[in-house]
Amino acid sequence: MNKNNKFNIDFSKVSWIKWTEFAICAIIWTLIIVWTSNLWLLLGYPFIFDYFITEFIKWGAWKRDKNGNSRGAWAEWLDALIFAVVAIYFLNIFLFQNYQIPSSSLEKSLLVGDRLFVSKVAYGPRMPFTPLAFPMTQNTLPILNCKSFVEWPKWDYRRLSGVGQVELNDIVVFNFPAGDTVCVNMNNPDYYSILLSTGLEYTSRNPAVLKGKEFHNSWEINHFLMQQGRKNILTPSNPLSDIAVRPVDMRDCYVKRCVGLPGDSIELRHNVLYRNGEKQEQPKGVQHTYQIKTNGVILNDKFYETYGISKADRAEAGLGPVYTVPLTDDVAAQIAQLPTITSIEKNDFAYSSSDQFQIFPFSSDYRWSRDNYGPIWIPKKGATVNLDSKNILLYQRIIEAYEHHTLELNNDGKIFIDGVETTTYTFGMDYYWMMGDNRHKSADSRYWGFVPEDHVVGKPLVVWLSLDPDKTFGVRWDRLFKWVE
């Protein structure tokens, strides 16, 4: 062997430990290539071989000076930090991520302050839409308060194989569908609800803008109100004018229960859920708001603590003798037996004119409320629907925002998709219907519509930590490592 040729290597002198490490790494890399079906990853084999065997590339040279001496502990710490950041990035993409419950929409199933491990493998991990992003941040870098991602390059939607798919009554973490555009200074309500409400308020104060206007359908009404809302919001003096546009995987994450699968028909009748015409059994933790009337006795903190009513809900309950609080049916039955309670009734709201611009699909053609809703059919990939000037608002965001077509409706009620007149539409993705178990305190599909399959992030598996926001350093020890149901 020519010892002067640096590219010659005596493989017999490579230890069996190095060969074993290389073999394990190569097998893992092969499985990743098969899983992702990405042949570009084949280019990684030479680098893996060099790292363990040939060592032509001096991988750790930057940690030593020109004399070969170590640059000190800082170099080792930096090396470990870089490795940790890269490892966390790939773990978040392919295996799991951490998620914190921010609101009471799923109480009593999941509580505010619960920290969850969310499995990406449950439904198959998505390849990132925006691959260049700082790990463990959803869309904003803390302290710096700037975007945590680079918008180029952008990848199309692709989901790897998982161990299952979204099933009925699964609790699911997903990117907020209406979060593609946000008012940075106001995250709730969503941008489109703000446009509608602002446009409605402006036209009510300035009826002159309606002069000469003739609306033929709800589509035209909504389009006009949206225009008026944008004109008012997108002005330098308006604090809501700071607008951010976010790709799918950088939108805020929500967690709800899947109550409707692709192809299902969902309906709420007096707070009772029906799926495909059949009454559904409620999950154990489902709550509704109740009107509680006392004989004059004031409900105190002891009462609220006894029945598990949070401080946030107490603040909204009222001062008596009538109180409004969220309760499960079982707890409501217990309270009804108290001698100080004169009546207790579950709230059940019928349609009112204000629901037209608050309840999806924001149309007077659908006289629905949060408690009496539907029936509504959930789109399924490959299914075709007939379109008309009434139901077009049901599918507008699917066609435009989720499946990226242009959509127009002329004064004659004719519908054009990508400039071509049509009376039908065939869906390119599956969609889901998500609702919170705390039915009267949940911003869910009743308010913003369908959840596309490409927005699904994963399935919460276990509560690894639970901190009670009503107590200082209050750990809910009984919820630690509780499986999510």
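Two strands are taken to pair if DSSP finds at least two bridges between them. The structure discussed here is a predicted model.

**Nonpolar cores**

- The largest nonpolar core comprises 59 residues, and those with the most contacts inside it are Ile 376, Leu 387 and Trp 433.
- Helix H9 (residues 392-402) supplies the largest share of this core, namely 7 residues.
- Another core, of 15 residues, lies apart from the largest one. Among its members are Phe 303, Tyr 304, Ala 317 and Ala 332.
- As a general background, nonpolar side chains in soluble globular proteins tend to be buried together.

- Strand E9 (residues 265-269) pairs with strand E10 (residues 272-275) in the antiparallel sense, over 4 bridges.
- Within this pairing, Leu 268 stands opposite Leu 273 in E10.
- E9 and E10 form a hairpin with 2 residues between them. In its turn, His 270 has a positive phi of about 50°.

**Helix H2**

- Helix H2 spans residues 44-54, and its buried residues are Gly 44, Ile 48, Asp 50, Phe 52, Ile 53 and Thr 54.
- The buried residues of H2 pack against helix H1 (16-36).
- Glu 55 follows H2 and has a positive phi, near 60°.

**Setting of Leu 327**

- Leu 327 lies in strand E13 (residues 322-327).
- Its relative accessible area is 1%, and because buried means under 20%, Leu 327 counts as buried.
- Beyond its neighbours within four places in sequence, Leu 327 is in contact with Val 286, Gln 287, His 288, Tyr 290, Ile 292, Ile 309, Ala 332, Ile 335 and Ile 344.
- Leu 327 and Gly 308 are 19 residues apart in sequence, and their C-alpha atoms are 8.8 Å apart in space.

Note on methods
Residues numbered from 1 in each chain as written. Predicted model: local features only at pLDDT ≥ 70, side-chain atom pairs only at ≥ 80, totals over all residues. Heavy atoms only, no water. Core = buried A, V, L, I, M, F, W, Y, C linked by side-chain atoms within 4.5 Å. Buried < 20%, exposed > 50% of the residue type's maximum accessible area, 1.4 Å probe, protein only. Contact = heavy atoms within 4.5 Å.
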